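Subject: Structure handover

Hi,

Here is the structure I promised to pass on to you. Have a look at it first, and then read on for what turned up.

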Amino acid sequence: MITKILVTDGSFHNTLAMVHQLGKLGYEVHVLSEKKGSLSSFSSACYQEWISPSYRDPRFIPFLVQLLESEQIDLVIPIGANAVHTLCHHKNQLPIATQR
């Protein structure tokens, strides 16, 4: 059962809408951002904001894997094109539970 969701690109307006709707549905919504204080982090539906390296940074995937495992995230929703590209390219490195 999915209870914890990580949504990328916290500074995007469409991420804010996604966070809001997922929160209304009762999910624990985590937001991934490259800079602290992203737009989505101010939503009452945002459980936690996580600051990550850039998607192009070689430290990004190890950071994401550690975060997914330590926080027991069930699902990752990539919002921006860079997030989609990076996660698709490294899908096999992500915890199996998030590969839906």
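How many of the 6 residues of S2 are buried? Before the reply, please keep in mind that this is a predicted model. The count is 5, so S2 is largely enclosed by the rest of the structure.

**The sheet**

S2 belongs to an open sheet of 4 strands, which are arranged in the order S3-S2-S1-S4 and paired in parallel. At the edges are strand S3 (46-51) and strand S4 (75-77), each of which pairs on one side only. On average, neighbouring strands are turned by 25 degrees against each other if direction is ignored.

S1 and S2 run parallel and are joined by 4 bridges. Within that pairing, Ile-5 stands opposite Val-29 of S2, and Leu-6 has His-30 as its bridge partner. S1 also pairs with S4, again in the parallel sense, over 3 bridges. There, Val-7 has Ile-77 of S4 as its bridge partner.

In a regular strand, side chains alternate between the two faces of the sheet. For S1, both faces are covered: Lys-4 and Leu-6 are buried on one side, and Ile-5 and Val-7 are buried on the other.

Helix H2 (residues 60-70) lies across S1, S2, S3 and S4, and runs at about 165 degrees to S2.

Ser-33 lies in strand S2. Its relative accessibility is 5%, so Ser-33 counts as buried. Leaving out residues up to four places away in sequence, Ser-33 touches Gly-10, Ser-38, Glu-49, Trp-50, Ile-51 and Ser-52. Ser-33 and Asp-9 are 24 residues apart in sequence, while their C-alpha atoms are 5.4 Å apart in space.

Trp-50, one of the residues that Ser-33 touches, lies in strand S3. Trp-50 has a relative accessible area of 22% and is therefore partly exposed. Its contacts, with neighbours within four places in sequence set aside, are Leu-6, His-30, Val-31, Leu-32, Ser-33, Leu-67 and Glu-71. From Trp-50 to Gly-10 the separation is 40 residues in sequence and 9.3 Å in space, C-alpha to C-alpha.

**The largest pocket**

The largest pocket has a volume of about 230 Å³. Its lining consists of 16 residues, and Asp-9, Ser-11, Phe-12, Glu-34 and Tyr-55 lie nearest the centre. Sorted by class, the lining has 4 nonpolar, 8 polar and 4 charged residues. Strand S2 (28-33) and helix H3 (81-89) each contribute at least two residues to this lining.

Asp-9 is found in the loop between S1 and helix H1 (13-24). Asp-9 counts as buried because its relative accessibility is 10%.

**Backbone angles**

Most residues other than glycine have a negative phi. Which phi does Asp-9 have? Asp-9 has a positive value of about 60 degrees, although it is not a glycine.

Gln-72 also has a positive phi, near 50 degrees, and is a residue other than glycine. Gln-72 lies in the loop between H2 and S4. Gln-72 has a relative accessible area of 58%, so this residue is exposed.

If residues up to four places away in sequence are not counted, Gln-93 touches Ile-61 and Val-65. Gln-93 and Ser-41 are 52 residues apart in sequence and 27 Å apart in space, C-alpha to C-alpha.

Technical notes: Residues are numbered from 1 along each chain as its sequence is written. This is a predicted model: local features need pLDDT of at least 70, side-chain atom pairs count only at pLDDT 80 or more; totals for chains, interfaces and linings use all residues. Side-chain values use heavy atoms; hydrogens and water are left out. On a 1 Å grid over the protein atoms alone, a cavity is a set of points where a 1.4 Å probe fits but cannot get out, and a pocket is an open set with protein on both sides within 12 Å along at least five of seven lines; lining residues have an atom within 4 Å of a point. Grid points are joined across faces, edges and corners, and a volume is the space filled by probe spheres set on the points. Ala, Val, Leu, Ile, Met, Phe, Trp, Tyr, Cys and Pro count as nonpolar, Asp, Glu, Lys and Arg as charged, and the others, Gly among them, as polar. Two strands pair if DSSP finds at least two bridges between them. Axes are lines fitted to C-alpha atoms, for helices over the stretch in contact, and angles run from 0 to 180 degrees between N-to-C directions. Contact means heavy atoms within 4.5 Å. Buried means under 20% relative accessible area, exposed over 50%, partly exposed in between (1.4 Å probe, protein chains only).
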